[in-house]
Amino acid sequence: MAEFVTGSNRKGAKIGKDRKAAELIPRSPAKRERGQGVRAAHVDHIVIASNDSAATAKHFSETFGFEIKRTMSRPGTRAHMEFAKLQEVVLEFAGPGEVQPYDEVRARLGGFVLAVEDIEQAVAVVREAGFPCGDPHPAVQPGAKIASVKAGTGGVPFAFIQYNAIPAEGQA
Amino acid sequence: MKAKRIDHIGIVVKDLETGVATYERNFGLRRDPNRGGDLPALGIRNAFVPIGDADLEFIESTSDEGPVAEFVKARGEGTFHLSIEVDDLASTVEDLRALGCRVGNPNNGIAFVSIRSTHGLNLQLIQRA
């Protein structure tokens, strides 16, 4: 989830003077149902940030038995991620693609991502509460959209993800 | 070690009621009324917000000392620990120690792995009944 960890800009985002205000106003008709909140289904993944994500992933895999299922490096963001899955939750070991010299590997618990049923609704709920939330945009996970909550989380970085939010090519 | 599932994410807050209310109000999440409370022996009070199979555990330090109090002084509020459920805590601790990991003694079904053995991450092991 490099864009979440590194704070990189959303692809294709239009930079305009009204963007900040626009982010506070739901862009789509509110489909939120009163009292339903963001309708989080489960914790989708948890970010473990490290100055050497490959080393931390290897250590956790060998010591704690997490099987690394996938690795990914994102050109442009210079991030390297490795993913392990435990039941329904993914652990994402995230760090720089180019590891800088270090005295020791340092990891910390970063943020997390909640899987939601309707990301547009989840974003609308957050904005209705008066907090900025990024627009849903394509995630690294195929067919998924992700949106970062920018405030109102008590200092905890988190985001929403909705799978199957982007129709596959050829589908309506 | 055989990790069973992610049990919860620990989140340190300066004020428990405010912290939990933030998530209830802003995101429509709901705390579990049947869990949490004051834990004087640990110097904390906590509350749980379930999301799917895992929880968010909100933690407030009720003491000026201890890891949670130190975390607040150093970093304020934020994600504090990751808790992993295991089937047999005692065996897991033994196995990890055999690998050279530093692990605290199990206490009430919980053990903490030393940050020296986790690249600095606060990692809790928990055995449910």
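Across all chains of this predicted model, the structure holds 10 aromatic pairs. Rings of Phe, Tyr and Trp (its six-membered ring) pair if their centres lie within 6.5 Å; planes under 30 degrees apart count as stacked, over 60 as edge-to-face and the rest as tilted. Local features need pLDDT of at least 70 and side-chain atom pairs count only at pLDDT 80 or more, while totals for chains, interfaces and linings use all residues. Residues are numbered from 1 along each chain as its sequence is written, chains are lettered from A in the order in which they are written, and side-chain values use heavy atoms, leaving out hydrogens and water.

**Aromatic rings**

- Take A:Phe60 and A:Phe64: this pair is tilted, 5.0 Å centre to centre with 55 degrees between the planes.
- Those two sit four residues apart in helix H3 (residues 53-64) of chain A, so about one helical turn separates them. Helices (H or I, at least four residues) and strands (E, at least two) are DSSP runs, numbered from the N terminus.
- A:Phe60 is buried at 0% relative accessible area, and A:Phe64 is buried at 0% too. Here, buried means under 20% relative accessible area, exposed over 50%, and partly exposed in between (1.4 Å probe, protein chains only).

**Nonpolar cores**

- The largest nonpolar core has 58 residues, and A:Ile46, A:Phe112 and A:Phe160 have the most contacts inside it. Such a core is a set of buried Ala, Val, Leu, Ile, Met, Phe, Trp, Tyr and Cys residues joined through side-chain atoms within 4.5 Å.
- There's also a second, separate core of eight residues, A:Phe83 and A:Val90 among them.

**Where the chains meet**

- Chain A puts 41 residues into the contact and chain B puts in 36 (contact means heavy atoms within 4.5 Å).
- Together the two chains bury about 3,100 Å², 70% of it on carbon and sulfur atoms. Buried area is the accessible area (1.4 Å probe) that two parts lose on being put together, summed over both.
- On the chain B side, B:Phe27, B:His119 and B:Leu121 lose the most area to chain A, together 24% of what that side buries.

**Salt bridges**

- A salt bridge is a side-chain nitrogen of Lys or Arg within 4 Å of a carboxyl oxygen of Asp or Glu.
- A:Arg39 and A:Glu117 make one of them (2.8 Å, N to O), although these residues are 78 apart in the chain. A:Glu117 is partly exposed, at 47% relative accessibility.
- B:Glu85 pairs with B:Arg5, their closest N and O atoms 2.6 Å apart. That links strand S5 (residues 78-86) to strand S1 (residues 3-12) of chain B. B:Glu85 is buried at 7%, and B:Arg5 is buried at 12%.
- Both B:Arg5 and B:Glu85 belong to a network of salt bridges that also includes B:Lys4 and B:Arg128.
- B:Arg35 has a salt bridge to B:Asp55, with the closest N and O atoms 2.9 Å apart.
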